[in-house]
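Morning, everyone. I have one structure to walk through today. Let me put the sequence and the model on the screen.

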Amino acid sequence: MTDTPAAVAAAATSTTATHCPYCSLQCGMRLSGAAPVEVLERPDFPVNRGALCGKGQSAAALLAPGVRLTSPLVRDGRGELRAASWAEALDRAAGGLAAVRAEYGADAVGVFGGGGLTNEKAYQLGKFARVALGTATIDYNGRFCMSSAAAANRIAFGLDRGLPFPLADIPRTDCLILVGANPAETMPPALRYFRELRENGGTLIVVDPRRTRTAEQADLHLQPLPGADLALALGLLHLLIADGMVDADFVAERTTGYARARASAMAHWPERVERITGVPVAQLRQAAHAFGRARTGMVLTARGPEQQSKGTDTVGAWINLCLASGKAGRLHSGYGCLTGQGNGQGGREHGQKADQLPGYRSIEDPAARAHVAGVWGVDPDTLPRSGRSAYEVLDSLGRSGPDGVRALLLMGSNPVVSAPRAAHVTERLRALDLLVVSDVVLSETARLADVVLPSTQWAEETGTMTNLEGRVILRQRATAPPAEARSDLWMLRELAGRLGGGGRFDDDPETVFAELRRASAGGQADYAGISYDRIRAEDGVFWPCPAEDHPGTPRLFLEAFATPDGRARFTPVGHRPAAEEPDAEYPLYLTTGRVLAQYQSGAQSRRVAALAEAAPGPFVELHPRLAQRLGVADGELLTVVSRRGRAVAPARITGAIRPDTVFMPFHWPGPGRANTLTNPALDPTSKMPEFKVCAVRLEAAAGSSS
């Protein structure tokens with residue numbers, strides 16, 4: 001049907017309220033209806049109040065035809081990817097999945113999702129794995145982001161939501177400790193909340209091995225060794241106890257387990273903690289007194305303390321600090337996690353995680369299985385049990401034997417760049433009998449696929465996301481996709497039909513969301529009272545929201561914690577070293593992170609000209625004293641060597657980093673791929689790999705002048 005001239009003119013002057021395609025802030029924006037689509041401010045949305053970072057401002061560039069996939073691709077007999085019809089691509093994908101399932105069993109077929117998928121897609125992907133494929137082998141890249149904080153939240157509070165309060169509460173607290181987070185570069189519109197905190201007389205303490213742009217805003221910057229955050233938190237709790245700053249009434253009335261946590265903290269006296277962390281005793285006391293004596297306070301963590309093989313214990317130790325000082329479950333106080341990916345929160349609530357069913361239910365819980373199976377119209381006994389975590393799945397790809405995964409359906413993830421020990425993961429992907437990738441762009445992982453399915457993206461489709469506050473928001477379609485692009489919901493419907501699961505999968509997002517609401521009802525992440533209309537009218541709705549007349553829950557735990565007895569739980573933890581510490585052969589720490597103009601694996605942001613110009617490639621950040629000792633000049637190519645491989649990038653010499661530590665951003669593939677080096681050692685609880693700490697040495701790159 002051809003649009004009338006009047007319809008074309010109306011579209012050119014209309015705008016669509018939607019949200020940024022990048023981080024967990026999910027900043028509000030408006031998109032013009034005219035082509036080319038233009039990003040406009042949306043000052044009425046409360047999270048960002050109109051502010052956008054460079055990634056948000058340039059987001060419309062992702063819609064350009066030359067940037068994204070426009071037709072299905074299949075690998076031909078010569079090993080090359082070629083254009084194909086949807087029928088051919090889907091038949092080949094479904095046929096390959098069915099063949100592997102028939103020969104090796106259902107669990108030999110894996111599904112790997114992403115923290116950028118909408119709630120509807122994440123929900124449908126989990127349902128597809130369990131119902132259409134019957135496999136327990138499903139996990140997602142959010143395992144690499146917030147899983148340690150999620151595990152610690154559930155242990156301490158009985159419930160996991162990134163922030164238990166809105167961002168607007170941050171300026172109203174008296175003291176805030178920000179651990180291993182750099183929002184000035186990773187979520188710039190959020191920095192205003194921390195500036196407003198200081199303008200209101202509050203104290204900002206930043207914990208980071210680097211003097212980042214965020215640390216430059218702080219009243220106090222603690223600069224510990226990578227991997228020493230657990231000892232630091234224990235040392236601060238020791239000082240709270242020793243100097244009489246424990247809120248005894250709160251501990252007695254609203255917590256359990258204090259005695260064992262106290263005993264553990266008392267074994268971490270200030271001088272010992274200084275030796276472990278490198279943070280002077282005077283700074284430890286300054287931080288402990290600022291936090292302990294404040295009337296209200298918050299601790300916020302991000303990937304720094306979480307992406308460690310002891311990440312769950314580390315976050316637990318920071319939660320203990322909040323509990324001992326009475327700064328949890330009270331207005332303008334509490335612990336929170338700065339979630340990373342756009343739907344990192346919602347993505348871990350509705351079933352694409354290995355051990356989970358919708359509503360943040362356990363897949364091992366008989367009542368949860370019965371409820372969800374009832375919504376899906378299947379026998380609960382047919383649902384698989386818990387599967388393996390993300391890295392464990394990736395490590396098993398292409399292997400023979402009962403634990404091997406021989407076929408993989410991957411949606412919205414790029415593990416060739418983002419996974420730890422990335423060269424090994426790439427080898428495992430190449431060993432698969434079948435790799436099917438759905439993505440917006442031809443990512444490094446998609447280039448290895450046997451079948452590539454071009455997905456619609458943020459501005460071309462409608463769906464919900466859940467931001468770091470637990471606010472469920474609505475991305476709305478603003479422009480038509482290329483003719484051959486299809487939504488992931490449509491693809492899952494079509495694949496399910498070919499696999500014998502036809503009729504159970506819808507491709508209308510609002511219909512899928514209505515089913516998600518029923519499936520989540522009664523769970524911890526209860527969306528039953530949330531509708532598209534409510535989201536539009538209220539600028540988002542905070543979960544849990546169990547009924548349509550329920551106001552939503554912007555603030556958690558003010559009356560009780562989500563544990564059986566309503567009390568928060570202290571966790572007795574003690575310091576232990578990283579899985580890999582420096583030694584004579586590998587004498588330096590490597591830590592990794594993000595830069596302002598790039599995002600995650602860079603699959604999208606590296607394709608935006610303005611962002612690529614601002615951050616064109618990887619680098620190795622090192623201290624001037626280390627550079628002098630090694631005879632390295634700024635800009636000189638360096639080889640960084642770990643036990644897992646080598647990466648080559650130019651030196652960036654700065655006094656902002658510790659002399660015993662080097663830093664690399666992880667957004668790029670190729671010779672400068674930081675995750676070639678990183679350690680896949682897993683946290684025993686969260687199964688988080690240790691991205692943030694490993695041992696390396698520096699060498700002059702081949703052809704370098706030194």
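Before I go on, a word on the source. This is a predicted model, where local features need pLDDT of at least 70, side-chain atom pairs count only at pLDDT 80 or more, and totals for chains, interfaces and linings use all residues. Residues are numbered from 1 along each chain as its sequence is written, and side-chain values use heavy atoms, with hydrogens and water left out.

Back to S30. Strand S25, residues 637–642, pairs with S30 in the antiparallel sense over 4 bridges. Strands here are DSSP runs of E with at least two residues, helices are runs of H or I with at least four, and both are numbered from the N terminus. Two strands pair if DSSP finds at least two bridges between them. S30 itself covers residues 694–700, and S23 also pairs with S30, antiparallel, over 3 bridges. There, Tyr589 stands opposite Ala695.

Now the whole chain. How many helices and strands are there? The chain has 23 helices and 30 strands. The C-alpha trace spans about 70 × 70 × 55 Å along its principal axes. A compact globule of 706 residues would have a radius of gyration near 27 Å, and the chain's 25 Å agrees with that. That radius is taken over C-alpha atoms, and the globule rule is 2.2 Å times the number of residues to the power 0.38.

Burial next. Of the 706 residues, 64% count as buried. Buried means under 20% relative accessible area, exposed means over 50%, and partly exposed is in between, with a 1.4 Å probe and protein chains only. The accessible surface comes to about 23,500 Å², and 49% of that belongs to carbon and sulfur atoms. Those areas come from the Shrake-Rupley method with a 1.4 Å probe; for residues, only the protein chains shown count as cover.

Contacts. Among those with a separation of 6 or more, 73% are between residues 24 or more positions apart. Contact means heavy atoms within 4.5 Å.

Charge. There are 76 positive and 75 negative side chains, and the centres of the two sets lie 3 Å apart. Lys and Arg count as positive, Asp and Glu as negative, while His and the chain ends are not counted. Each charge is placed at NZ of Lys, CZ of Arg, CG of Asp or CD of Glu.

Now look at strand S13, residues 334–337. In a regular strand the side chains alternate between the two faces of the sheet. On one side of S13 sit Gly334 and Gly336, on the other Tyr335 and Cys337, and all are buried. S13 runs parallel to S12, residues 297–301, with 4 bridges joining the two. Val299 stands opposite Tyr335.

On to an open sheet of 3 strands, in the order S19-S20-S21, with antiparallel pairing. S19, residues 463–466, and S21 stand at the edges with a single partner strand each, so one side of each is left without a neighbour in the sheet. S20, residues 471–475, is joined to S21 by 2 bridges. Val472 stands opposite Val541 there.

Pro544 lies in the loop between S21, 541–542, and S22, 568–569.

Gln26 is not a glycine, yet has a positive phi of about 50 degrees. Gln26 lies in the loop between S1 and S2, and is buried at 1% relative accessible area. Gln600 has a positive phi of about 45 degrees. Gln600 lies in the loop between S23 and helix H22, and counts as buried at 16%.

Pro689 is in strand S29, with a relative accessible area of 0%. Leu499 sits in the loop between H19 and H20, and is buried at 11%. The C-alpha atoms of Leu499 and Ala98 are separated by 6.8 Å, though the two are 401 residues apart along the chain. Again leaving out residues up to four places away, Leu499 touches Ala94, Leu97 and Phe128, among others.
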